[in-house]
Amino acid sequence: MEMYTDVLLVTANVGSLFDNVGEIQNEWLQELYKTIHCHRPKFIALHLQEVGGKDYMLNMGHTENFFRSIESSEEMKDFDRVCVYVDNQFQAEDSFTALGSMYFIHKSLKNIYQYDFNVKDFKAVSVQKKHVGSLDGVTTVEKEKFPKNFWPDFKWSRKGFMRTRWIIHNQGLDLVNVHLFHDASNLIACNSSPSIYSANRKNALRYVINRISDSRYTPLPFLLFGDFNFRLDTLSLVQHLSTSADVQTVKKDSSDEVKKIICEEKDNAHQVLLHIEEKLFAYLHQAVFREDNGRALLQFDKEVAAFHDVIREEEIRFPPSYPYSEDYTKPIQYMNTRCPAWCDRILMSHSAQEFIRRGDDGEKSVVYNTVGPNVCMGDHKPVFLFFSLKTNGH
């Protein structure tokens, strides 16, 4: 007979929680608990990126407290099994990813198994498992940092992926935490369509999909969720936003290098519509990113389209998840450092999408949205997917 298990997947780039410790962490946690309370899942997967923030050497000490406060909170007491994997070994430069994955299993969920990649077999999950530190030798997780030779000109970064494999009742799934490369310069992002950064991410995502589908293990349906750093196609977007404007390119004195791009309205006022520099993206009418959840800009969100052969995604009905102001009094304001974009996503293989139960006409059985839309959550709003997983009971 067909059974269902309610599942909540959450992805969150938590870098700014550690860089501003204390200020937003508590609110952030309360919003997470509200989302859990609202949907009442039996299995929760929480994928975190940039654990420890930019100053990870300074902040890594706070990470233990952060994870402990979630595990021991009153709100999570009915989840009697917790599996935690946190890569905080920043000393190991060749392998450090700053990824953290937490899995919570409700006391009422009986048949759940986790894969051991070493013995190539599933084992029942019956106790707490906490691995904070180096994950070398932890056989229930597979972690990889992108090889350095991917892009020799990129400075060293904490990007990579981490996979765990599960059976819930008798449905097998790979859950993969992903962090891809960001846009280093808004100006370089404007140079071509697609941008060089977009091409880098495409290579990296293809690499992840190939790694989790190769012949070392039996391929299973998979869900990839993390900070993909997907950006709007900047060149097309700028052309679209500046159709009725005069565009000026300002070069650095001594070279041909572009220093800034300024789009002014053609009327007498010559109001600056758009001002772009390496780390500045100031658009006069910021509301366009929020109106109707930024729907008008989804046409410029093109990076997932290249993977339609292997990947699906639920319809996006939330505003871009990044870069929000870190000022807690401005929870829906974007910073003008980057063009707002849907960086944080939950993607799945075609086979995984088939196991999602669809409600009868209009019943809200699948929810894809942000956590804390009206509260300061740091520069990234976490994104969640709630659904009922079809499993066959015995």
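How many helices and strands does the secondary structure of the protein chain come to? Before I answer, please keep in mind that what we are looking at is a predicted model. The count comes to seven helices and 19 strands. The radius of gyration of the chain is 21 Å, close to the 21 Å that the globule rule gives for 394 residues, so the chain is as compact as a globular protein of that length. Along its principal axes, the C-alpha trace spans about 75 × 50 × 45 Å.

Staying with the chain as a whole, buried residues make up 56% of the 394 residues, and among contacts with a separation of 6 or more, 70% are between residues 24 or more positions apart. The chain exposes about 17,200 Å², of which carbon and sulfur atoms supply 49%.

Let me turn to a pair of helices. Two packed helices are described by the angle between their axes and the distance between the axes. Helix 2, residues 25-39, and helix 3, residues 56-71, pack at an angle of about 35° with their axes 12 Å apart, and the crossing in which helix 2 passes helix 3 is right-handed. On the helix 2 side the residues in contact are Gln25, Trp28, Leu29 and Tyr33, and these meet Phe66, Ser69 and Ile70 in helix 3. By class, this contact has five nonpolar residues, two polar ones and no charged ones.

Helix 2 also holds Glu31. Is Glu31 buried or exposed? At 10% relative accessibility, under the 20% cut-off, Glu31 counts as buried. Leaving aside residues up to four places away in sequence, Glu31 touches Val371, Gly372, Val375 and Met377.

In helix 6, residues 234-241, the buried residues are Thr234, Ser236, Leu237, Val238 and Leu241, and what covers them includes helix 4, strand 14 and strand 15.

Finally, some backbone details in the loops. The peptide bond from Ser193 to Pro194 is cis, with omega near 0°, and Pro194 lies in the loop between helix 4 and helix 5. A cis peptide bond also joins Tyr322 and Pro323, with omega about 0°, and Pro323 is found in the loop between strand 16 and strand 17.

Positive phi values occur in residues other than glycine: about 50° for His270, in the loop between strand 13 and strand 14, and near 55° for Asn293, in the loop between strand 15 and strand 16. His270, at 40% relative accessibility, counts as partly exposed, and Asn293, at 30%, counts as partly exposed as well.

Note on methods. Residues numbered from 1 in each chain as written. Predicted model: local features only at pLDDT ≥ 70, side-chain atom pairs only at ≥ 80, totals over all residues. Heavy atoms only, no water. Axes fitted to C-alpha atoms, helices over the stretch in contact; angles between N-to-C directions. Helix = DSSP H or I, 4+ residues; strand = E, 2+ residues; numbered from the N terminus. Left-handed = near helix turned anticlockwise from the far one by under 90°. Contact = heavy atoms within 4.5 Å. Nonpolar A, V, L, I, M, F, W, Y, C, P; charged D, E, K, R; others polar. Rg over C-alpha atoms; globule rule 2.2 N^0.38 Å. Buried < 20%, exposed > 50% of the residue type's maximum accessible area, 1.4 Å probe, protein only. Areas by Shrake-Rupley, 256 points an atom, 1.4 Å probe, with all protein chains shown as cover.
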